[in-house]
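Subject: Structure for your review

Dear colleague,

Please find below the structure I promised to pass on, together with its sequence.

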Amino acid sequence: MAGVAGRLARRWCRSAVRRPLKDLAICPNQETARQNYVDLVSSLTSSSESSTQVKPGADRGQQEYENLVVTSEDGITKIMFNRPTRKNAISTQMYQEIMLALKAASKDDSTITVVTGNGDYYCSGNDLANFTDIPPGGVEEKAKQSAIMLRDFVGTFIDFPKPLVAVVNGPAVGISVTILGLFDAVYASDRATFHTPFSHLGLSPEGCASYTFPKIMGPAKATEMLIFGKKLTAGEACAQGLVTEVFPDSTFQKEVWTRLKAYSKLPPNSMRISKQVIRNMEKEKLHAVNAEESSVLQERWLSDECINATMNFLSKKAKL
Ligand SMILES: CCCC/C=C/CC(=O)SCCNC(=O)CCNC(=O)[C@H](O)C(C)(C)COP(=O)(O)OP(=O)(O)OC[C@H]1O[C@@H](n2cnc3c(N)ncnc32)[C@H](O)[C@@H]1OP(=O)(O)O
């Protein structure tokens with residue numbers, strides 16, 4: 001896969017170089033930034049692993065996932081992010097797997113669905129290497145594909161019909177934080193932190209957070225998170241209404257799962273209908289917000305600010 005991505009990136013690079021600048025409708029500085037990006041991508045993808053595409057022929061019918069562990073027990077389907085060595089960063093393939101797992105969970109006979117992470121992180125957000133897998137249509141095509149995938153991904157959470165609970169076992173970053181506004185309950189270890197460094201990355205909010213966060217915590221607190229990138233402790237996130245309850249890390253798993261098992265014995269139809277009553281009025285609005293956020297991000301991904309921030313991370317010059 002790495003070789004293919006590298007070849008695609010180099011192909012885009014060659015065709016971009018042949019085109020005159022006026023045809024690209026971007027200024028020379030942007031062109032230089034994009035060229036640097038493509039060069040970096042080519043060098044990285046030729047030497048490193050990339051797991052950014054759904055394997056053709058993978059046996060989806062039997063629910064085999066490469067980046068998730070999905071189990072169903074005691075009326076609870078648990079979807080666990082399982083890329084602990086990458087801090088559970090969400091690769092392109094993993095976005096697809098999460099959507100598949102949620103669709104399967106919406107139809108299985110469990111009453112509650114839980115999302116959690118394996119290892120020390122809950123999730124470090126979008127895998128920044130996703131943007132190294134450039135298709136023949138170039139970076140514009142990549143941005144378009146990403147916007148469609150983002151809209152579908154967030155849409156799956158908006159439409160999820162059963163109680164959806166996040167068990168946040170450690171730090172959460174980016175899109176793994178924003179979508180928490182679409183969950184029905186969020187339990188967090190006191191080790192967890194909540195960080196949306198969009199401005200630092202030249203990005204803008206997604207996951208409907210531009211709508212849900214001001215509603216949940218008020219516009220002033222939402223601004224600190226979504227525009228200034230303030231990282232919240234679990235206690236702060238709880239005080240602001242994003243988290244339902246915080247537990248000491250030493251007893252987190254035991255306490256949370258005991259509680260969830262009790263909740264899972266409640267009548268499933270009643271819980272499902274209550275969720276509908278609570279959420280349905282908002283659904284249309286949430287889909288509209290999701291579409292707008294995805295379209296704004298499609299532009300952001302092509303900006304110098306975003307390209308430079310991504311390059312800095314990939315070339316190990318920057319972390320959060
Ligand atoms: C198509 C949909 C798009 C939706 C858009 C979403 C927006 C977002 O989600 S924005 C948030 C993006 N995430 C980040 O910016 C986090 C980047 N990661 C970091 O800053 C650090 O890795 C982190 C603070 C999370 C952890 O630091 P450390 O504890 O020091 O661990 P390491 O940095 O050594 O991490 C181990 C290993 O994992 C790689 N990693 C971690 N997170 C990501 C990531 N998000 N994308 C790609 N790779 C990631 C990290 O580079 C390390 O790799 P190696 O050095 O090769 O071991």
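The notes below go from the overall fold to single residues.

Please bear in mind that this is a predicted model.

Overall composition

The protein contains 12 helices and nine strands. Of its 320 residues, 42% are buried. Taking the contacts between residues at least 6 apart in sequence, 79% join residues at least 24 apart.

The sheet

Six strands make up an open sheet of mixed pairing, in the order β1-β2-β3-β4-β6-β9. Its edges are β1 (68-73) and β9 (245-247), each of which pairs on one side only. From one strand to the next, the twist averages 20°.

Strand β4 (residues 164-168) runs parallel to β6 and is joined to it by four bridges. Val165 has Ala185 as its bridge partner in β6, and Val168 has Ala188. β6 also pairs with β9, again in the parallel sense, over three bridges; Ser189 is bridged there to Phe247 of β9. Four of the five residues of β6 are buried, so the strand is mostly covered.

The nonpolar core

The largest nonpolar core comprises 71 residues, and those with the most contacts inside it are Ile79, Val165, Val168, Val186 and Ala188. Helix α4 (residues 92-107) is the element that gives the most to this core, with six residues. Ile79 is in contact with Leu68, Val70, Ile98, Ala101, Ala105, Thr113, Val114 and Val115, leaving aside residues up to four places away in sequence.

Phe81

Phe81 belongs to strand β2 (residues 76-81). This residue counts as buried because it has 27 C-beta neighbours inside 10 Å, where 20 or more are required. Leaving aside residues up to four places away in sequence, Phe81 touches Leu68, Asn88, Gly117, Asn118 and Cys123. Phe81 and Leu68 are 13 residues apart in sequence, yet their C-alpha atoms are 4.8 Å apart in space.

The ligand surroundings

The ligand is surrounded by 21 residues, of which the closest are Ala89, Ser124, Gly125, Asn126 and Gly174. By class, the shell divides into 11 nonpolar, five polar and five charged residues. Helix α5 (residues 138-158) gives the most to this shell, with three residues.

Two residues with positive phi

Asp74 has a positive phi of about 55° and is found in the loop between β1 and β2. Cys208 has a positive phi of about 70° and sits in the loop between β7 (193-195) and α7 (209-217). Are these residues buried, partly exposed or exposed? Asp74 counts as partly exposed because it has 14 C-beta neighbours inside 10 Å, a count that lies between the limits of 12 or fewer for exposed and 20 or more for buried. Cys208, with 26 such neighbours, therefore counts as buried.

With kind regards

Note on methods. Residues are numbered from 1 along each chain as its sequence is written. This is a predicted model: local features need pLDDT of at least 70, side-chain atom pairs count only at pLDDT 80 or more; totals for chains, interfaces and linings use all residues. Two residues are in contact if their C-beta atoms, placed from the backbone, lie within 7 Å. A residue is near a molecule or strand if its C-beta atom, placed from the backbone, lies within 6 Å of it. Ala, Val, Leu, Ile, Met, Phe, Trp, Tyr, Cys and Pro count as nonpolar, Asp, Glu, Lys and Arg as charged, and the others, Gly among them, as polar. Two strands pair if DSSP finds at least two bridges between them. Axes are lines fitted to C-alpha atoms, for helices over the stretch in contact, and angles run from 0 to 180 degrees between N-to-C directions. A nonpolar core is a set of buried Ala, Val, Leu, Ile, Met, Phe, Trp, Tyr and Cys residues joined through C-beta atoms within 7 Å.
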